[in-house]
Amino acid sequence: MSSVEAPSHVESFRTEFRQWLHANLTGEFAVLRGRGGPGREHEAFAERLAWERHMAAAGWTCVGWPVEYGGRGATLEQQVAFHEEYALADAPARVNHIGEQLLGPTLIAFGTPEQRARFLPPIVAVEELWCQGYSEPDAGSDLANVRTRAVRDEAGGDWIVNGQKIWTSLAHESQWCFVIARTEPSSARHRGLSYLLVPLDQEGVEIRPIEQLTGTSEFNEVFFDGARTRPEHLVGAPGDGWKVAMATLGFERGVSTLGQQVGFRRELETLIDLARRNGAADDPLIRDRLAQAWIGLETIRFNALRMLDGVAAGAPGPEASIGKIFWATWHRDLGELAMDICGAGGTLAAGEPYDLDDWQRLFLFSRADTLYAGSNEIQRNIIAERVLGLPKEARA
């Protein structure tokens, strides 16, 4: 990293949080270890929400936020330690990630004092959950092509929102959505977009779960039909939504990726153990693929550490797009390797109606890794055009 903090300061923070986790992931919360996560967000959701509110009461949410906004003012190195220790403890998947890691930093950077006072405390306390209204049926990774529109109500001044968002994670559990909408009718591409905070519990909002390969429904379609939000819920100036939205995407690929890799390492180690126990490791091709997986994981980690230099400087650099391609492809390939190690038995569900084990769920859900948060194809375009300076892809 470009600025190295005194190791004792980081280690004391790490030790404090590790001891707190050890003391608190007990009793009613002990059964939550390892619960939740991609493809498993349905698991013990209410209990995980209670756990996260327990963390909030002890001051362990939003640790990287400035103290004046309810955080701990943790340094970059301390935040890395936080996410690594959380993953090492096999603590349950967080339910407030989008509010804490995406919207909160966006409001701290671009919001008004009134917006911060209204929305940041409920995020810190895990009293309001958020979802992200970016992707649309014809504008998935191509965010600049959104068609959802918002116009001002001349009578009351509210923004009236009409359109559809898709692949909206946990919309069915959220109270609010930050929505990219076109507010200038004659605009095109990234111009004329605005960033609106829209309440979901109102007439004019319909949320439809999307059943996935895993049989679960953490993604949703969200339809806005005359939905309203107050004029003071516009973040930034009208038409400035592209700049704010890009900042949010930058926050999405922050320090929490280091904790993600601890989870990946645990999956790989467990898979290696399975291969040894069922004899698959006797196959030299399987051993070679496991070795390649280990090398790939090390590559992902070092790229993430390199990316943190950009975060420390204010925003992730091209390493963010490189890292997304690497970890998404690696995780998808790990799911395929897991099925080969499981053998023919991996094709059978454990029970009715669709009882999947961890490896089957990993194989199925990781197909989405190369699509969400910017597909591999879009990431390659970003690297080609914005980093290497190659000619832009032809667009209609």
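This is a predicted model: local features need pLDDT of at least 70, side-chain atom pairs count only at pLDDT 80 or more; totals for chains, interfaces and linings use all residues.

Reader: Why is Asn24 called buried?

Author: Buried means under 20% relative accessible area. Asn24 has 17% relative accessibility, so Asn24 counts as buried.

Reader: Where is Asn24, and which residues does Asn24 touch?

Author: Asn24 is in helix H1, residues 7-24. Leaving out residues up to four places away in sequence, Asn24 touches Phe29, Trp51 and His54. Contact here means heavy atoms within 4.5 Å.

Reader: What makes the span of helix H5 close to the expected one?

Author: H5 runs over residues 113-124 and has twelve residues. The expected span is 1.5 Å times one less than the number of residues. That gives 16 Å for H5, and its first and last C-alpha atoms are 16 Å apart.

Reader: Which residues of H5 are buried, and what covers them?

Author: Gln115, Arg116, Phe119, Leu120, Pro122, Ile123 and Val124 are buried. Their cover includes helices H2 and H4 and strands E1, E4, E5 and E8. Just after H5, Val126 takes a positive phi of about 60°.

Reader: How do you know which helix gives the largest share of the lining of the second largest pocket?

Author: The lining has 13 residues, and seven of them come from H9. H8 also gives two or more residues. Nearest the centre are Gln292, Ala293, Thr329, Trp330 and Asp333. The pocket volume is about 240 Å³.

Reader: What classes make up that lining?

Author: Seven residues are nonpolar, three polar and three charged.

Terms used: Residues are numbered from 1 along each chain as its sequence is written. Side-chain values use heavy atoms; hydrogens and water are left out. On a 1 Å grid over the protein atoms alone, a cavity is a set of points where a 1.4 Å probe fits but cannot get out, and a pocket is an open set with protein on both sides within 12 Å along at least five of seven lines; lining residues have an atom within 4 Å of a point. Grid points are joined across faces, edges and corners, and a volume is the space filled by probe spheres set on the points. Helices (H or I, at least four residues) and strands (E, at least two) are DSSP runs, numbered from the N terminus. Ala, Val, Leu, Ile, Met, Phe, Trp, Tyr, Cys and Pro count as nonpolar, Asp, Glu, Lys and Arg as charged, and the others, Gly among them, as polar. Buried means under 20% relative accessible area, exposed over 50%, partly exposed in between (1.4 Å probe, protein chains only).
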